[in-house]
Amino acid sequence: MANLASRYVALFKESNYGQTPAVPVYIYGEVDEESMSQDFELIDRADITRYGKRKTVVGTYRASGDVSCALQGDEFCGRLIGAVFGSNSQSGAGPYVNTLSETSDEANYPSFNVVVGRDGREHRFLGQTIDSISLGANINEYVMLSASFTGAGEDNSAEHALAAPTASDLHTEDAFHFKNAYVNFSSKKAGTNWSDKIKSVEIEFTLNRDMDNAYALGHTTTCRAPPPQMREISGSIEFNQVLNSGDIEGSEPFYDQLSDGLLVDGTSTNPALSLRFEGATNEFLVVNIYKIQFEQPSSNVAGRDTQTLSVGFYALFDETEGAMSDAVWSTNDSTDILS
């Protein structure tokens with residue numbers, strides 16, 4: 001019988017790829033929706049003695065899906081963000097400041113059991129790795145975090161009992177929202193001089209996991225973490241007005257610059273673009289992108305509607321910094337988000 005109170009999403013950090021920890025520790029998230037599911041290949045064959053296929057066998061299994069939630073300063077969100085960087089240095093003792101940096105060693109990226117409670121049963125998806133995460137802020141909305149997983153198949157070895165979270169398992173503070181979302185361009189890095197011309201912003205980190213080379217003979221599902229390939233960071237910004245050269249007070253890019261293919265080469269101390277999202281006291285996320293290529297902007301008019309400006313961008317590898325980005329995750333939770 002369905003139990004509508006038993007809906008949840010949690011993570012188990014894996015010590016060994018594709019295995020449930022001996023003593024699973026549930027890291028619950030306040031998730032809005034999930035789409036985790038298993039898929040498998042069917043191998044079939046036909047021969048000249050029959051006019052149709054007559055034999056089949058189940059081939060490789062895999063599972064994947066998305067999880068979406070409002071960004072907040074809990075361990076669940078922290079682990080998703082940490083999973084696309086791979087290296088963390090924690091300091092402080094409340095707040096705990098996690099300084100995240102990119103890693104070139106794929107072994108540093110974590111894998112998880114993604115655990116989903118669906119009314120009458122808990123589903124466990126093993127060997128799940130983060131393929132991408134996206135962060136987005138819009139006027140009058142919560143800051144949203146979406147994570148895409150891919151990896152091994154579902155564990156159907158048993159009917160896993162539901163383990164719905166209690167109040168003590170969930171974050172006590174509210175999520176981050178638009179009021180404390182800021183975008184900073186290059187020379188505006190110092191102090192709190194953030195741009196006041198941003199209507200919305202979205203950024204996505206993608207690891208481009210290679211599923212094909214995560215399988216091996218003798219295995220029906222992935223036997224290694226799908227290796228990350230080319231790292232990509234991209235996004236879009238919508239301004240609340242058109243930006244021509246005479247409209248700029250700070251260092252926002254204006255239309256003529258963007259139309260010429262503006263490339264901004266910053267540093268770790270003066271990034272080309274910084275995003276800051278804040279929640280409760282001592283809870284915030286700062287994302288710094290060192291080097292950015294802007295795409296062709298869009299700025300059209302319709303009737304007497306206000307003219308706005310939208311532009312996409314993507315990050316480049318900065319040779320001087322030896323990386324593309326970094327992040328700072330501040331929380332009141334002492335757990336190392338990559339432990």
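Predicted model: local features only at pLDDT ≥ 70, side-chain atom pairs only at ≥ 80, totals over all residues.
At 38% relative accessibility, Phe40 counts as partly exposed. Phe40 pairs with Tyr61. The two rings are tilted, with 55 degrees between the planes and 5.6 Å centre to centre. Phe40 belongs to strand E4 (residues 37–45) and Tyr61 to strand E5 (residues 55–70), so the pair ties together parts that are 21 residues apart in sequence. Tyr61 is also partly exposed, at 26% relative accessibility.

This pair is one of nine aromatic pairs found in a search of the whole structure. Another joins Tyr26 and Tyr28. Here the rings are stacked: 15 degrees separate the planes, and the centres lie 5.4 Å apart. Tyr26 has 23% relative accessibility and counts as partly exposed. Tyr28 has 9% and is buried, because buried means under 20%.

The charged end of Arg276 sits over the ring of Phe284, 4.2 Å from its centre. Arg209 lies over the face of Tyr109, and there the distance to the ring centre is 5.5 Å.

Now step back to the whole chain. The protein chain holds 19 strands and two helices. Its C-alpha trace spans about 75 × 55 × 45 Å along the principal axes. The radius of gyration is 22 Å. A compact globule of 339 residues would have a value near 20 Å, so the chain agrees with that expectation. Of the 339 residues, 46% are buried.

The largest nonpolar core has 60 residues. Leu71, Phe149 and Leu285 have the most contacts inside it. Strand E9 supplies the largest share of this core, with five residues. Apart from it lies another core, of five residues, among them Tyr8, Ala10, Phe12 and Val115.

Beyond its neighbours up to four places away in sequence, Leu71 touches residues including Cys77, Ile81 and Leu135. Its contacts also include Val143, Met144 and Leu145, then Ala175 and Phe176. Leu285 is itself one of the residues with the most contacts inside the core.

Strand E9 spans residues 121–138, and Arg121 lies in it. Arg121 is buried, with a relative accessible area of 18%, because the cut-off for burial is under 20%. Its side chain makes a polar contact of 3.1 Å with that of Asn156. Around Arg121, the residues touched include Glu154, Asp155 and Glu159. Val116, Ala158, His160 and Leu162 are also among them.

Phe205 takes the tour to another strand, E12 (residues 198–206). Phe205 is buried, at 3% relative accessible area. Its contacts, leaving out residues up to four places away, come from several stretches of sequence. They include Val84 and Phe85, then Asp131, Ser132 and Ile133. Arg231, Glu232 and Ile233 also touch Phe205, as do Val287, Ile289 and Ser325. Gly73 is 132 residues away along the chain, and its C-alpha atom is separated from that of Phe205 by 19 Å.

The last stop is Asp336, in the segment after strand E19 (325–331). Is Asp336 buried or partly exposed? It is partly exposed, with a relative accessible area of 28%. Beyond its neighbours within four places in sequence, Asp336 is in contact with Arg79, Asn88 and Gln90. With Asn88, there is a polar contact of 2.9 Å between the side chains. Gly303 sits 33 residues from Asp336 in sequence, yet the two are 53 Å apart in space, C-alpha to C-alpha.

How values were computed
Residues numbered from 1 in each chain as written. Heavy atoms only, no water. Helix = DSSP H or I, 4+ residues; strand = E, 2+ residues; numbered from the N terminus. Buried < 20%, exposed > 50% of the residue type's maximum accessible area, 1.4 Å probe, protein only. Contact = heavy atoms within 4.5 Å. Polar contact = N/O pair within 3.5 Å; in protein donor to acceptor, adjacent residues only side chain to side chain. Core = buried A, V, L, I, M, F, W, Y, C linked by side-chain atoms within 4.5 Å. Phe/Tyr/Trp six-rings, centres within 6.5 Å; stacked < 30°, edge-to-face > 60°. Lys NZ or Arg CZ within 6 Å of the ring centre and 35° of its normal. Rg over C-alpha atoms; globule rule 2.2 N^0.38 Å.
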